[in-house]
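Hello,

Here is the structure I promised to hand over. Have a look at it first, and my notes on what turned up in it follow below.

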Amino acid sequence: MKTSALTSGGATTIVARAPKRNDDRVILHFDYDCFYASVLENANPGLKGQPLGVKQKSILATCNYTARARGVRKLMPISDALKICPGLVVLSGEDLTPFRDASKRLWSFLRSHSWSDRVERLGLDEVFLDVSDVIAYNQELLNRNALRDSFFQLSRHDPEKGFGFDATRFCGCVQPAIDPKDLVLLLDNPLCVRLLLASHLAGYLRLKLEEDFGYTSSGGIAINKTLAKLAGSVNKPQNQTTLLSLRDDDVRDFMDGHKLRQIPGIGSRTAQLIQDHVLSIKTEPDPRDLEIGAKVTVREVRQCPSMSADLLERILERPGAERGGGEKIWNLLHGVDASEVKEASDVPTQISIEDTYMARPLNTPVELMRELRALATSLVRRMRVDLAEAADPDPLDPASQQGEQQQQQQQLRWIAYPKTLRLSTVLRPKPNNNSNNTTSPTPTPETLTRHSRSQPLPSFALSLRDASVEAVASRLASEALLPLFRRLHPERQGWGLVLVNVCVANMVAVARAGAAAAAGSGKGARDIGRMFRTQGDKLREWTVYDRTPVAAAAAGAAGTAASGFDTTAAATTTTTACSSSSSSAACVAGTDEHVIGIEEIKNDNDNEKVVETIEELVGEVIEATDPVDISMDANGDAEAWEEEEEEDGDESLRCHLCGHIIPLFAISAHERFHSIDD
DNA sequence: TTGGACGAG
DNA sequence: ATTTCTCGTCCAA
């Protein structure tokens, strides 16, 4: 806390001091210019030069700069945009796949230039890079006598890899502006040199992004993430800005010019609370301030009487408020931001798919099931794209060795798997009888709230072999998502759903087969396998014990979901899901609407047989779509393991959960690995 | 662990 | 203070 009590002349006053800034990092921020539009332009170069808008539902998610020059704006209704710009080319941006792919490629490129692997994506079109180490290294390399012909080394080990640059000037814009004559003096300032170097690195990377990938971008260079991001937005598009934080005043003046809401980390809620306080404390409540749209600046907040981290903490105090939020905001207002650029991760922390139905809210079980299935299909597809990878051609796996003739479907294995499945909904806003609401300070928090229920992800969702996306999705919808929905909304129908979201979260990374196993490559691993094969009986004990329902129950809910080996547990899961469905059915039995709903679902499913209960329906779905998993339940043995067809016999099995090929001696450890939390 | 609030693009 | 579809963090129980 940077508040201290100063005693001067007998009077004790609380003085809030500016927090100390941290100079020890250099952060780059990249923001690809109108990213969605650029992706579509690159995919179809004929579009370049034409005004282009990217549509989502009924509005333009974004548009290119040609369109903006003609008055088209982001988030503009399509009809308005076409009125303003009749020649506007409008393409759909509802499928995010191409944008995700492009974003990943650019991110990978930037990542390859980081030494620390601190490369953080923010949304699809922004990247933070912590280049402190790269800059420090090149600072040492600088030859003060030949600044004009400097060479920036991109690799520690390969001195040839890099680019030439003129170290007597910055690349791109600087903020605040400086007289070039002063730069000579400033080059004695190590921080200034580091920022100068960073400006050239940013410029080089932006050039490569444009030349090699076809994406122009805006760049920000500063000593922390917040300042880098704000700096980057000073000169856009296709330019970059280095925030020179050589004196405290530089940062303070830069921050002071911003509206509260512009500061990343200060959202609408926080901004509103702070602004209310600032306006209310004015000695003379200026009527013009009460106008809608009076936006307070950072300077006004900072200069507000007795403003401090503590006061902000009190202003923001509310149930669920962030601990230390006041100090965090206070720091942000001064351009102080200690948050790290997060290390690159190949595993997302959650994957969610949602759709909105504001035109026609969902009200019937038929509509619901159709949407749940559709959402689940996208979700399972995304899981296989983002959480799985092509299994290494394993020397122990003859199937992958003969892959030359037909490689039609690449074998997948999980690199991480989710433990939790969540369903969220938003209901149609209620007929708002509360019309006497006169510009309430709290802008309707009630109607727009999301509600959610979650449960362990059933293990069948992780089947990779012989389980089609549609089959898994269908089971997921009827056995997991529907029960979750019933928990959320016990009413049989008429919910008025305007949004449904399905999400998997709580990811568990699967250890790479790579290092340890591959190190003892092939023969070695086999020999070890032989050495330990005599322990088979002991392992079996373990295995049997592990598969008892008691063990499954003891492992806890998450363990049940995670343990795909435990076929008994899998069966238990299935049973539970079915009985839960059946109780749901019982709950609504006897209503005509419901029976009709089921019949409609049946028709939807193109199933000729007559089904009368949800339980029966679900049973049909399971049998029709996933006979493999059902047969697995028949005997309690090792169906979760697929025996490797191998000349030598049965010394390794493939795990159905993660696709790894596991030698016998390691199976129990592998099972435990899957069933243990964390 | 669960469910919600809030903030980012 | 708009939107749509996500993704992430933090808090309390």
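Helix H4 (residues 97-111) and helix H7 (residues 190-213) pack at an angle of about 135°, with their axes 11 Å apart, and are therefore oblique to each other. Oblique is what remains once angles under 35 degrees count as roughly parallel, over 145 as roughly antiparallel and 65 to 115 as roughly perpendicular. Axes here are lines fitted to C-alpha atoms, for helices over the stretch in contact, and angles run from 0 to 180 degrees between N-to-C directions. Helices (H or I, at least four residues) and strands (E, at least two) are DSSP runs, numbered from the N terminus.

In the contact itself, Arg105, Leu106, Phe109 and Leu110 of H4 meet Leu205, Leu209 and Phe213 of H7; contact means that the C-beta atoms, placed from the backbone, lie within 7 Å. These residues divide into six nonpolar, no polar and one charged. Ala, Val, Leu, Ile, Met, Phe, Trp, Tyr, Cys and Pro count as nonpolar, Asp, Glu, Lys and Arg as charged, and the others, Gly among them, as polar.

Before you go further, please keep in mind that this is a predicted model, where local features need pLDDT of at least 70 and side-chain atom pairs count only at pLDDT 80 or more, while totals for chains, interfaces and linings use all residues. Residues are numbered from 1 along each chain as its sequence is written, and chains are lettered from A and ligands numbered from 1 in the order in which they are written.

Now for the sheet. Six strands form an open sheet with mixed pairing, in the order E7-E8-E3-E12-E13-E11; two strands pair if DSSP finds at least two bridges between them. Its edge strands are E7 (119-122) and E11 (173-175). H7 packs on this sheet, touching E3 (27-32), E12 and E13. E12 (residues 217-222) and E13 (residues 240-243) run parallel, joined by three bridges, and Gly220 stands opposite Thr241 in E13. E7 runs antiparallel to E8 (residues 126-130), with four bridges. In the hairpin of E7 and E8, Gly123 takes a positive phi near 65°.

Gly123 turns up again at the DNA: of the 23 residues around DNA strand B, Gly123, Gly267, Arg269, Thr270 and Ser454 come nearest. A residue counts as near if its C-beta atom, placed from the backbone, lies within 6 Å of the strand. E18 gives the most to this surface, with five residues.

Best wishes

Conventions
Contact = placed C-beta atoms within 7 Å.
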